[in-house]
Amino acid sequence: MNDLVQQIDLLLLYQKQDWKLARENYASLANVQTRYFQDDYRTTVLQFNPERIRSSAAKIDKASLQARPCFFCHRPEEQKGVTYNDAFEILVNPYPIFEDHLTVPLRWHEKQQIRPYFGDMLDLTSDLPGYALFYNGPKCGASAPDHLHFQAGRKEEFPVVRNWHNIPKQVVWESERTGFYASSGHLPVSFFLVSENKGEAVAVFELFYDLMPVKPDDYEPMMNLLVWQEEDAWITCIFPRRELRPSCYYAEGDANILISPATVEMAGLFVVPLEKDFKKVTFADLEKVWKEVSITEEEKNELIRKIREEA
């Protein structure tokens, strides 16, 4: 066990024990209910977790962000952390989705933007074996888009980690140590960057990032990322997005389902904070959510064309 893993294990142990908010919310995970949906390629999980209402219903418009103090710059006194390299601090997430849920904010206040820090994400994935790191874009599920941060959970918590080999894929670009693949006829639309070389992984990611469209009022392409390691390779699953929330989020009456997808949902674990939604949601509802927030097949094919031209 490396020093960082040991430090994080102790951080989780003591925060769940000594910090009242974390202690109560991690204890409440024992009451979380789950349903499972099986299709040809994977298992998709639905989790009923009332404590996640803060995230699902978070207001991230400019006025709301300006009206509240930053979660990471103004932390509770009880929240402790472990410093990672010169730029990040690893914290226990007090509103967990899973048993070991970490948040990794930048040590200074800077907006959510992944391009300059993707290499750090790969490094931390290597230094925390057993964990998968994830990134929610500023309009793709981040409840604190004003302060750059990743999150992390155990690899086995993410259905796509178990299922990605089964997903139909096409080759976009390959070298001796790196491959870039796109899902074929499969929701959600996803790209897989598989590499044993950090430099190549960063270069391919940056190329893809630069080729993705950016909406007029945005500063970053819409996306969610999930990164983990298998043997000597980093696997980065990229979910390009076109919408923050699906139509059911805004619907009235029985049609309303409070699902606001972030990386966890795109990776196959849907979290709903309301019991009514947990009981009524079907797999068709979840596929509709993926379809509405993912880019279209046409947009995916246009990205593939651009990458093949540039790579």
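Modeller: This is a predicted model, in which local features need pLDDT of at least 70, side-chain atom pairs count only at pLDDT 80 or more, and totals for chains, interfaces and linings use all residues. Residues are numbered from 1 along each chain as its sequence is written, and side-chain values use heavy atoms, with hydrogens and water left out.

Colleague: Which residues does Val202 touch, not counting residues up to four places away in sequence?

Modeller: Contact means heavy atoms within 4.5 Å. Val202 lies in helix α7; helices are DSSP runs of H or I, at least four residues, numbered from the N terminus. With residues up to four places away in sequence left out, Val202 touches Phe118, Gly119 and Leu122.

Colleague: Is Val202 buried or exposed?

Modeller: Buried means under 20% relative accessible area, and exposed over 50%, with partly exposed in between (1.4 Å probe, protein chains only). Val202 has 17% relative accessibility, so Val202 counts as buried.

Colleague: At what angle do the axes of α5 and α7 cross?

Modeller: Axes are lines fitted to C-alpha atoms, for helices over the stretch in contact, and angles run from 0 to 180 degrees between N-to-C directions. The axes of α5 (residues 118-127) and α7 (residues 198-211) come within 10 Å, and the crossing angle is roughly 140°.

Colleague: How many residues of α5 are buried?

Modeller: The buried residues of α5 include Phe118, Gly119 and Leu122. Helix α5 is mostly covered, and the count of its buried residues is 7 of 10.

How values were computed:
Helices (H or I, at least four residues) and strands (E, at least two) are DSSP runs, numbered from the N terminus.
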